[in-house]
Amino acid sequence: MGLFDFLKSDKKKAHDAAEKAADQVQQQAGEGRRPPSGSAADAASATRATAERVAAPPPPRHVPATPTPTPTSAAHKAVPAAPKPTVMPKPSASAAAAPGAMHTPTPHSAAHKAVPAAPTRGPGSTAKKRTYTVKAGDSLPAIARHELGNEARWRELYAMNRGAVGANPDLIRPGTVLTLPG
């Protein structure tokens, strides 16, 4: 016999005993007899009364009605009015469709920290590309400071030359030719 079978048999025994006690109470009520007094009868009636109380729905609670504030009542004046939503102006279709229209990054936005994309040149572009040949002791930040005027542009330099530099931007080999952004 498994654990669940044992629990089921205990439940069944308890259920059968409760049914038997209920039948006895109905028979005694039908015959007009009082149930025998004693500790077992008292315990059974106490258990029955508790079961009835638990099974009965709880009495309805009385919730006092709160008056709705009117425009002239003091309660209405104590509650501040909800703020009205502000309407943001919609961007014009011409500004969104303009090819050079972009979001201007602020110091608090994530856009100013992003690596700018390498400028794209059209197929008919005859602009001369600037290059730099890496020397011993060079680093991308040093090259960006010397050649581009801003050390922070080393990410842009790396983005343009990732194929030549490799996966580690801290390791650049002397003799590597880097393309400089415009």
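Glu151 is partly exposed, at 40% relative accessibility. Partly exposed means between the two cut-offs: buried is under 20% relative accessible area and exposed is over 50% (1.4 Å probe, protein chains only). The model is predicted: local features need pLDDT of at least 70, side-chain atom pairs count only at pLDDT 80 or more, and totals for chains, interfaces and linings use all residues. Residues are numbered from 1 along each chain as its sequence is written, and side-chain values use heavy atoms, with hydrogens and water left out.

**Salt bridges**

Glu151 pairs with Arg145 in a salt bridge. The term means a side-chain nitrogen of Lys or Arg within 4 Å of a carboxyl oxygen of Asp or Glu. A search of the whole structure finds three such bridges.

| Pair | Closest N and O atoms |
|---|---|
| Glu147 and Arg130 | 3.9 Å |
| Arg145 and Glu151 | 3.6 Å |

Helices (H or I, at least four residues) and strands (E, at least two) are DSSP runs, numbered from the N terminus. Glu147 is partly exposed at 23% relative accessibility. Arg130 is partly exposed too, at 41%.

Arg145, the partner of Glu151, has a relative accessible area of 46% and is partly exposed.

**The buried side of helix 5**

Leu140, Ile143, Ala144 and Leu148 are buried in helix 5. They lie on the same side of helix 5, because they cover an arc of only 100° around the axis. The arc is taken from the directions from the helix axis to the C-beta atoms. An α-helix has 3.6 residues a turn, so residues three or four places apart point the same way. The cover over the buried residues of helix 5 includes strand 1, helix 6 and strand 2 (177–180). Just after helix 5, Gly149 has a positive phi of about 85°.

**Asn161**

Which loop holds Asn161? Asn161 is in the loop between helix 6 (154–160) and helix 7 (162–165). Asn161 is buried, at 5% relative accessibility. A polar atom of its side chain lies 2.9 Å from the backbone oxygen of Leu157. Leaving aside residues up to four places away in sequence, Asn161 touches Val177, Leu178 and Thr179. Contact here means heavy atoms within 4.5 Å.

Note on methods: Polar contact = N/O pair within 3.5 Å; in protein donor to acceptor, adjacent residues only side chain to side chain.
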